Structure formats: structure tokens, C-alpha cells
Amino acid sequence: MDKNKFVLSFSGGKDSILALYRMIREGNKPVALLTTVNKNNGNSWTHSLQDSILHRISKSLDIKILYSECGVEDYEINFEKSLNRAKNLGATMCVFGDIDISEHRKWDEDRCKAVGLNPVFPLWNEERESIVNDFIDSGFTAIIKKVNLEYLDESFLGKELTKDILAKIKNTGCDCCGENGEYHTVVVDGPIFKTRIELSIGEISLENGYGNLTIE
């Protein structure tokens with residue numbers, strides 16, 4: 001196995017893509033993206049992205065995607081099974097986009113320890129706003145896909161994550177990076193994309209305290 005090969009824990013959002021970008025720039029090679037999918041509806045956990053969107057992102061990045069289809073009860077075991085699939089592709093590391101929530105990091109480390117992969121956190125303990133600015137300044141384009149209505153209203157859905165939008169998010173008192181789940185993005189373009197992902201914007205649904213934008 002090549003010690004520089006890795007699998008990315010991939011949400012489709014800005015933090016995981018920035019972590020991927022930094023690893024590639026350092027000379028490491030991605031063998032796969034690993035995305036958890038809700039087995040009850042077929043969409044990705046947390047970001048609620050359809051398979052068709054994830055597939056198009058994978059194709060534009062030219063990186064194989066592995067799906068971990070699971071429910072709440074078997075989330076951990078199926079994640080580990082997918083990590084083992086990545087090991088079979090040559091991965092020695094799993095890369096995560098976590099920033100500073102220690103409980104999340106502990107979960108990641110436990111999953112990697114169970115299968116013998118090294119966990120890597122390229123964004124760890126950096127100042128949150130500087131991470132978002134680095135993402136934007138690096139030339140990436142992200143669309144706000146989902147918001148926690150406790151922090152942001154549905155008017156932010158479908159907006160491109162620019163410096164102006166970032167300022168508006170800050171003005172609400174919300175964490176501008178969304179590390180606590182205040183909002184989620186889907187990245188559609190950037191320096192490691194071969195082609196931009198063109199989205200068809202659909203309806204907005206408000207359910208269980210979240211606003212979610214339908215995209216195809």
C-alpha cells in the first residue's frame with residue numbers, strides 16, 4: 001500500500017472538499033470518497049444530497065465514490081465496512097473535514113482504529129472564519145443546501161457562499177462556518193473540479209426544524 005493514499009469522508013460540502021484539496025496539494029492521492037446514505041430515502045445523511053448529485057461530483061473530481069447505506073442503528077458498523085473497502089483500494093488514511101468538535105473527532109478516530117487506518121484532520125483547530133475564507137479564496141463555489149431554522153431562515157437556501165453572504169450569516173449571530181450544523185452546502189465547482197456541476201433548483205421544504213432545498 002502507498003502511504004500517501006487516502007479515502008475522504010465526504011459530505012459534498014465545503015469542509016470536506018477543502019480537506020480534500022489540501023491533501024492533494026500536499027502530494028497525497030485520493031482513492032475514494034466515502035459518503036453515508038440514509039437507507040430509508042437514498043439521500044446522503046446530513047446534507048440530504050441525491051445519488052445523482054453525488055455521482056456527478058465524483059465524476060467531475062475523477063474520484064471513485066463509495067456509499068455506506070445505513071440507518072441510525074447500523075451507521076457505525078457500515079461506515080467501518082466501507083473503510084475496509086477503501087483499504088482494499090490502497091488507502092492508508094481516512095481524511096475528515098472536522099474542525100474543532102472533540103466528540104466528532106473521537107468518533108472518527110474510533111472508526112479508523114477499528115479497521116487500521118490513520119485518521120487525518122487537515123482543518124483541525126483552525127479559526128473557523130479563516131477556513132471559510134480560504135475555501136472561497138481558493139476558487140471554490142458552494143451553494144447553501146440546508147439550514148437549521150433555529151439559526152438561519154430559508155432565504156439563505158440556494159445562495160452561493162460568497163464573502164457577502166458570509167457577512168450576512170455573521171450578522172444573524174450564527175457561526176459563519178456552520179460547524180455545529182447551522183447550515184450545509186454542496187460544492188459545485190473549484191480548482192479540482194473538471195467541470196462545474198450545474199444544478200436545477202427545486203422547491204424548499206420546511207420540516208423538523210430544517211429548511212431543505214431540492215436540487216437535481
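Biologist: Before we start, what are the ground rules?

Modeller: This is a predicted model, where local features need pLDDT of at least 70, side-chain atom pairs count only at pLDDT 80 or more, and totals for chains, interfaces and linings use all residues. Residues are numbered from 1 along each chain as its sequence is written, and side-chain values use heavy atoms, with hydrogens and water left out.

Biologist: Okay, rings. How many aromatic pairs turn up in the whole structure?

Modeller: Seven. Rings of Phe, Tyr and Trp (its six-membered ring) pair if their centres lie within 6.5 Å; planes under 30 degrees apart are stacked, over 60 edge-to-face, and the rest tilted.

Biologist: Why is the pair Phe96 and Phe121 called stacked?

Modeller: The centres are 5.4 Å apart and the planes sit at 20°, so the pair is stacked.

Biologist: And what makes it a link between distant parts of the chain?

Modeller: Phe96 is in the loop between β4 (93-95) and α4 (102-115), Phe121 is in the loop between β5 (118-120) and α5 (128-137), and they're 25 residues apart. Helices (H or I, at least four residues) and strands (E, at least two) are DSSP runs, numbered from the N terminus.

Biologist: Which residues do ring pairs link into a cluster?

Modeller: Trp45, Tyr75, Phe79 and Trp107.

Biologist: How do you know that the charged end of Arg111 sits over the ring of Trp107?

Modeller: The rule wants NZ of Lys or CZ of Arg within 6 Å of the ring centre and within 35 degrees of the ring normal. Arg111 is 4.9 Å from the centre of Trp107 and is listed as sitting over that ring. Arg105 lies over the face of Trp124, also with 4.9 Å to the ring centre.

Biologist: On to helices: why is α1 called roughly perpendicular to α5?

Modeller: The axes of α1 (residues 14-25) and α5 come within 10 Å and cross at roughly 70°. Roughly perpendicular covers 65 to 115 degrees (under 35 is roughly parallel, over 145 roughly antiparallel, the rest oblique), and that makes α1 roughly perpendicular to α5.

Biologist: Last one: what makes β7 and β8 edge strands?

Modeller: The open sheet runs β7-β6-β9-β8, with antiparallel pairing, and β7 (183-189) and β8 (201-207) each pair on one side only. Two strands pair if DSSP finds at least two bridges between them. β6 and β9 have three bridges, and five join β8 to β9.

Key
Axes are lines fitted to C-alpha atoms, for helices over the stretch in contact, and angles run from 0 to 180 degrees between N-to-C directions.
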